[in-house]
Amino acid sequence: MKCSNLSTIMLSVFLLSSCSSGPSGRYSQHEDSAPTRLPTESELRSAVPVHEPISPQGNRDYRVLGNDYKVMDSAVGYVEEGYASWYGNKFHGHLTSNGEYYDMYSMSAAHTRLPLPTYVKVTNLNNDRTVTVRVNDRGPFHPERIIDLSFAAAYKLGMLDSGTAPVRVEAINLKTPMRVEEQSAPRSQSNYHIQLVASSNINRLSQLKHNLPPKFQEIATTEKTDGLHKLMLGPVSEEQSYDLLEQIRSSGYPKAFRVKAAQSQTDTPDAVQQN
């Protein structure tokens with residue numbers, strides 16, 4: 001994947017208002033900006049769809065900037081074409097609408113009406129690049145845009161320089177059977193983590209890790225990405241990850257979710273089958 005010029009990207013952000021922009025009193029930056037580094041290989045892997053309960057936060061109808069938004073009862077069958085934008089530094093590490101922490105290097109997105117969380121496939125109609133993202137935030141609050149992507153997702157779609165791009169957004173129906181080639185594809189033995197929580201406060205994560213049940217402490221680890229610390233379990237195999245996710249959710253972490261672990265450096269992000 002061709003790297004984008006960061007100076008050009010940063011100029012784009014100042015020229016294009018962030019789709020999630022609204023009252024900015026809780027943010028340290030008045031304007032959004034690009035980060036100082038590009039995503040790594042592992043950060044460019046699409047989100048892995050998994051059945052999740054509806055978040056207790058962020059799923060009620062709401063009003064922003066004088067406009068009313070009705071949250072959809074279900075994402076099944078949702079397909080829409082329009083313009084996508086992306087958001088970065090200004091919102092990094094701050095709470096999303098469903099109570100998680102926004103990580104601009106994760107494969108996530110904001111949408112005004114989809115239930116939180118929802119997994120969607122986004123296709124850049126200019127170049128046919130695709131990415132799967134997990135919608136966990138609200139926005140974009142702009143009449144001409146339908147989705148606000150994380151920095152990493154926008155980079156994967158090749159839309160950083162322009163700031164926006166025409167896209168098709170399709171909700172992923174997790175009840176759809178896997179294709180034959182996906183069912184027969186070999187799976188690596190330890191390629192998934194369970195993310196419990198992310199925070200800029202490493203002491204908070206250390207305390208949470210210390211308070212975990214012993215069986216989870218044994219496989220708990222912390223990871224730092226551009227100033228944001230993550231408490232993770234694993235790595236484990238794909239088969240083990242489903243059971244582990246259910247166990248940790250029932251142990252006081254209902255918002256935990258599954259993420260794909262970094263794979264061999266000989267693989268490129270686009271060389272593996274994306275879910």
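Which strands each supply at least two residues of the lining of the second largest pocket?

A: Let's start with the ground rules. This is a predicted model, where local features need pLDDT of at least 70 and side-chain atom pairs count only at pLDDT 80 or more, while totals for chains, interfaces and linings use all residues. Residues are numbered from 1 along each chain as its sequence is written, and side-chain values use heavy atoms, with hydrogens and water left out.

Now to your strands: strand 6 (130-137), strand 9, strand 10, strand 11 and strand 12 (257-260) each give at least two lining residues. Strand 9 gives the most, with five. Helices (H or I, at least four residues) and strands (E, at least two) are DSSP runs, numbered from the N terminus. The protein chain has six helices and 12 strands.

Of its 40 lining residues, the closest to the centre are Ser106, Gln195, Lys230, Phe257 and Val259. As for what counts as a pocket: on a 1 Å grid over the protein atoms alone, it is an open set of points where a 1.4 Å probe fits, with protein on both sides within 12 Å along at least five of seven lines, and lining residues have an atom within 4 Å of a point.

Take Val259, which sits in strand 12. Leaving aside residues up to four places away in sequence, Val259 touches Asn191, Tyr192, His193, Gln195 and Met232; touching, or contact, means heavy atoms within 4.5 Å. Val259 and Glu43 are 216 residues apart in sequence, yet 10.0 Å apart in space, C-alpha to C-alpha.

Next, strand 11 (residues 228-236). Eight of its nine residues are buried, with buried meaning under 20% relative accessible area (1.4 Å probe, protein chains only). Strand 11 pairs with strand 9 (residues 192-199) in the antiparallel sense over six bridges, and Ser199 has His229 as its bridge partner there. Two strands count as paired if DSSP finds at least two bridges between them. Strand 10 (residues 220-225) also runs antiparallel to strand 11, joined by six bridges; here Thr222 is partnered with Leu231.

Strand 6 has its own neighbours. Seven of its eight residues are buried, so strand 6 is largely enclosed by the rest of the structure. Strand 4 (residues 108-110) runs parallel to strand 6 over three bridges, with Ala109 facing Val135 as bridge partner. Strands 5 and 6 form a hairpin with five residues between them, and Asp128 in the turn has a positive phi of about 65°.

Finally, the core. The largest nonpolar core has 53 residues, and Val133 is among those with the most contacts inside it, along with Val122, Ile147, Leu149, Leu212, Leu233 and Ile248. A nonpolar core is a set of buried Ala, Val, Leu, Ile, Met, Phe, Trp, Tyr and Cys residues joined through side-chain atoms within 4.5 Å. Among the residues that Leu149 touches are Val122, Val133 and Ala109.

Technical notes: Buried < 20%, exposed > 50% of the residue type's maximum accessible area, 1.4 Å probe, protein only.
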